[in-house]
There are 2 protein chains.
Amino acid sequence: MSVKKTVLEDIKKIILVASGKGGVGKSTVAAGLALSLAKEGFSVGLLDADVFGPSVPTLFQMSDAGRPDGTQINGKNIILPFEKFGIKIMSIGFFVDPSQAVIWRGPMVTNVLRQLLTETDWGKLDYLIIDTPPGTGDIHITLMQEFYISGAIIVTTPQKIALDDVHRAIGMLTDSSIGAPIIGIIENMAWFSPTKHPDEKYFLFGQGGGELLSKKYKTPLLAQIPINENITDNCDNGNIQKIFNDKNIEIAFDQLVNSVLN
Amino acid sequence: MSVKKTVLEDIKKIILVASGKGGVGKSTVAAGLALSLAKEGFSVGLLDADVFGPSVPTLFQMSDAGRPDGTQINGKNIILPFEKFGIKIMSIGFFVDPSQAVIWRGPMVTNVLRQLLTETDWGKLDYLIIDTPPGTGDIHITLMQEFYISGAIIVTTPQKIALDDVHRAIGMLTDSSIGAPIIGIIENMAWFSPTKHPDEKYFLFGQGGGELLSKKYKTPLLAQIPINENITDNCDNGNIQKIFNDKNIEIAFDQLVNSVLN
């Protein structure tokens, strides 16, 4: 099926962060990438398209930010995004009560996504990073069918049971009718080193998954990100910008940004 | 909207395992619960309704099982489930190529779910455990609107960013029009103790999330399950039955089964 794509003239590149598997750290990677690109001087937007589990408001300590303002320009609805660390941020999470389930069927989800993407006042952007939900459903289909996607970053944890789902996400991205270019793979929660025993590495979620995917699909393993209590803590407390204080994390995101720029 | 519910006469109780958040171990809990109930002598079915990320075939080493056989009885289509450890097992994963993305929009997803639920030859079951996908979308709406759900088990990890999504799932389960009773909460990945340092506990995903939910919603915290390399390894290698060799895991599932039976 051929759908006429919508051109977002003011946005140079749209990059999806996807996985297939939930809970692997897509939002952390999407937020970290947006921050890193902004630090390099690019104008960056971050769209949290995980309608059933928007994490971006928490990561940026914006859970209490309330509803974004809306206005009309030349009869067109415009939503004003929030801005933090120079990033324009929009999330379905800004519109729903945190304790309220988003009990929406597919078509409703798709409409909301289109609205957030096309009616947000993004201004001129070099990069719009889109954090996508787990799975390969309505959100992904709509994004890839209706918009021009410059590239996708695949996030996985090393274990097989995550890889199973990631294979499917890659299947979607390489689909001949709706596919988008894959920039590469991020292996998250790659290992854990206790602060007390910095030389010990525990592979809680197995080992080698990112490399395996990289070889199988001939796509680069962009970075391996370890897990530790500081990352969880910074994410939970809305201090996403502090994750870079960890040398390993800083290196990982430097690698990721270089891959996106090249 | 009032929808006439389908009665599955031969199934005494349907229990959903849900979360809102992906990657928290819903499938491990669903599979562990099914195994534990079967060990107690109940007739048990396990339906993997995570259409975009079916993990049950991997957990039970059935990824290569192929397609379940189909037949017709009195003009009705019947799918024959696989059986392992006395559990009747059905998963969307049996019907799709592991590397093939399930690129389906909502209505298609809903139809497949209905088929797996109503056309599988479950026989007479005391319990049908349904492993649901992350989120609060089409699968959940269909299950709760169209079938009688005896209860739901909520799985979470301790960190805030998981709880955000779990609040929403609880919001769905307590929704006045489609809700279902909540049996209680399982806190998974509660802590990590290295084999080398068994007295040390690392709270990789924070602490106290399960208790917080339990208090807020006045629903019991059924068990806390630690994380370690053995669990990941057993799940990845299709040895889900071996997770009970770990004393902590065995205790956690005993507690869970008791809550389900009472």
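A residue is called buried under 20% relative accessible area, exposed over 50% and partly exposed in between (1.4 Å probe, protein chains only). The model is predicted: local features need pLDDT of at least 70, side-chain atom pairs count only at pLDDT 80 or more, and totals for chains, interfaces and linings use all residues. Residues are numbered from 1 along each chain as its sequence is written, and side-chain values use heavy atoms, without hydrogens and water.

Both Phe244(B) and Phe253(B) are buried. Aromatic rings of Phe, Tyr and Trp (its six-membered ring) pair if their centres lie within 6.5 Å; planes under 30 degrees apart are stacked, over 60 edge-to-face, the rest tilted. Over all chains, 12 aromatic pairs are found. One of them joins Phe82(B) and Phe94(B), edge-to-face, at 4.8 Å centre to centre and 80° between the planes. Both of these residues, Phe82(B) and Phe94(B), are buried. The ring centres of Phe244(B) and Phe253(B) are 5.4 Å apart with planes at 80°, so this pair is edge-to-face. Phe192(A), Tyr202(A), Phe192(B) and Tyr202(B) form one aromatic cluster.

The two chains also meet in an interface. Contact (heavy atoms within 4.5 Å) involves 57 residues of chain A and 57 residues of chain B. Buried area is the accessible area (1.4 Å probe) that two parts lose on being put together, summed over both. Chains A and B bury about 4,600 Å² between them, 57% of it on carbon and sulfur atoms. Arg105(A), Arg168(A) and Leu204(A) supply 16% of the area that chain A buries against chain B, more than any other three residues.

Notes. Chains are lettered from A and ligands numbered from 1 in the order in which they are written.
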